[in-house]
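Hi,

Here is the structure I promised to pass on.

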Amino acid sequence: MKPAPLSPDQLYQHCPLEWLELEPAAEKAVESRPFGQDRALEALDFAVDMPGGGYNLYVAGSVGLGKHSLVNKRVSAWAKQREPAPDLCYIHNFREEHRPRALVLPAGMAHQLKRDTENLLEHLLTAIPDIFRSDEYRARHDELKQQLEDREEKALGKLSDRAKDLGIGVVRTPSGYTIGPLIDGEFISPKKFSELPEEEQERLKENIEKVNSDLKETLGRALRWHEKLTRELKRLDREFLHLTLDERIDWLLRRYQGLSHVQEFIRSIKHEAIENADDFRAAGERGEKEGISLGKLIHSPEFTRFRVNVLVDNERAEGVPVVYEDNPIYTNLLGRIEHESQMGTLSTNFMLIQGGALHRANGGCLILDARRLLMTPFVWETLKRALRSGEIRIQPLELQMGLLSTITLEPEPIPLDVTVVLIGERWLYYLLKTYDPEFSQLFKVFADFSEDITRERDSVAAYARQMLALAKRENLRPLSKEAVARVVEQAARLAGDAKKLSLHRGQLVELLREADYFCRREESGQVGWAHVQQAIERREYRQRQLQERLQEAIERDILMIDVAGEQVAQVNGLSVIPLGDTAFGRPARITATARLGSGKMVDIERESELGGPLHSKGVLILGAFLANRYAPSQPLSLSVSLVFEQSYGPVDGDSASLAELCALLSAIARVPLRQCYAVTGSVNQLGQVQAVGGVNEKIEGFFELCRARGLDGTQGVIIPAANIQHLMLKQEVVEAAREKKFSICAVKEVDEALALLTGLEVGRADKLGAFPEHSFNGRVQQRLHELEETRSHLLRRELESEALPPPPVKGNGEDTPGRDRYE
């Protein structure tokens, strides 16, 4: 029943050199399909090709798998095969200035429209001043004005003649018209007027009133003539402006035929230019006078409404856009409306609208980091709202929160057609699936990246080709076959399984870089096995300070661990301490006590709130195992306690349940256990030993302690047989096993571990469930039987004492004579 130690070949799986295919050129390796991620690649291809809403993608996997690079590469290849996405821009809304119009144009046309409108503005700034300076325009303009002046003079002349006939004079002055009586063709003074006879005065006053009435009528006609002149001058301006604008505007309308919104914008420019020709005339003349270029003039505030704000220009794009937003804050994702300070007041216009990642990715693919997205306030809900509505609506965050008190805009929403790829951890995906009901509707595709791949000939060959590709891409020295084999073996070690290869590209690239560093230091032309091994050892050395401190504490007996002798109810357990991207094993003393009781299992770690739920589950399984094996038809008449000695932090997991069970059975049977062994493994209610994690680190942790105290050939580690396939131990451990200085024993049942730890015959139960008397299991069963008899005897005595009447108490002098008193 006692298992034999594992052979050295079982402790480390070497990579056969004939499995490595290093002949193909590195270029072929670079172009090879990434292996091991077929499931994720299929999901990715499905998401980007699937039409319709909601088929966005969540890419899951741990850090270092190369998710970002693989997604970028795959999506970029898909994007290049598609037609370019449309351009996006905003223009002025001449009807509602606070609601800029959105334009979705074919790729490259937004920039073309911007150039055409700027060229049109430059043309207007030069042509309109020239129109008003032209001889033909001046002649017709002066002619119209002269006609009005002649008509006015003629009308006033007739009025003056009629007034003279009535003895009244009419004179035009700078301040208006003066009317007064005449004598001998001259105006008379008020004094002389008062000296005239009353009849004459009355006659002149009547004539003055009559002339004044005629003057008002004449001035009224003159005012109408001026209004008519104004209309005629405007008509003249339009006539000459049309001569300048019509041909160019018609050409632009033909150029943008079929784009009704653009044609409407062009017509609006024409209308505004005609109605506000004086602005162009004044700006053009100012530019000529002050030597201001046309390029600067068209950026003047009065001409902003004629320009085009291009948010996204795909003129030179190859396929649809692929955008990765590294900082997905609200404004970076949705865009923003900027403001300018003018005289202490903030103002804005449509040219200050800035696009976000959704605008740049519209028509293509947007890649986001899920954790960063969810950690940024308001962004997750904003993204979902945009995907639900199928449009991008730029709304200042301050406005939504009621904190904006300045004038702002309400840009017209832009239609959204984008595939969103979220990259994050698996637990985040399942949390969103559970707690966000909209998530499943918007992200219907899940791409789950594999953490490892089966280690076989084809996969090892593909792994080797990947290494060649990475080495060339990183400009590293060539790799020898031995170096590639060592990297493959380390990949199995990182996977924690000799039958698997880790797909964490980040760790692989780091290892190749560091191996190349040591190769360069030695001025070698090729990276060899020793360089890879040195890179692995030096990285471990840089990270093992805490491990060495704990090892030192054990060697100095500050942390008490025995590696020799025998002790009752004491065993060496093994735990793993993870630190970032590394982990190491630490031996720990586990002790147990067993005494008469009512079957209570006391987990001291749990009682002190240091034990996790998995550890507590393991302890409860031990109680079930004891009752099932040793006392199936009677109660357990004992109380036991278990503890990790000198443990000052949380303890979780059930990987110590085998060691705890051995210590507990030793306490019950009072049989010592060999301290030269350390034990790891979980156990079920049937006594079967189950696999645990971190088995390599656990073995190496106990080996280093034994080596420090001196290897004598008796020390070893007991592991579950299911963990044999996971063994990829360090070479010093393998060599010690080969020299029979250290052993690793694999067990399938508790009895096999007990046989190694006690050196006794464990014993098998007969048909009645009884174990041989002198076997280890027999001693456990016998002790439990003795405890049950002791407990039964004590219970009988207690019951008998409760059944007897209490002894009589002699009464005092005050009691009735002859009567007994019971209390």
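A term to start with: buried means under 20% relative accessible area, exposed over 50%, and partly exposed in between (1.4 Å probe, protein chains only). Keep in mind that this is a predicted model, where local features need pLDDT of at least 70, side-chain atom pairs count only at pLDDT 80 or more, and totals for chains, interfaces and linings use all residues. Residues are numbered from 1 along each chain as its sequence is written, and side-chain values use heavy atoms, with hydrogens and water left out.

By the buried cut-off, Y630 is buried at a relative accessible area of 3%, and F625 is buried too, at 2%.

On to the ring pairs. Rings of Phe, Tyr and Trp (its six-membered ring) pair if their centres lie within 6.5 Å; planes under 30 degrees apart are stacked, over 60 edge-to-face, and the rest tilted. Searching the whole structure gives 22 aromatic pairs. F94 and F306 make a tilted pair, because their centres are 6.4 Å apart and their planes sit at 40°. F94 is partly exposed at 23%, while F306 is buried at 0%. F625 and Y630 pair edge-to-face, with 6.3 Å between centres and 90° between planes.

There's also a cluster: ring pairs link Y58, W380, Y429, Y430, F439, F443 and F446.

Last, charges over rings (NZ of Lys or CZ of Arg within 6 Å of the ring centre and within 35 degrees of the ring normal). K444 has its charged end over the Y55 ring, 4.9 Å from the centre, and R538 lies over the face of Y541 at 4.5 Å from the ring centre.

Cheers
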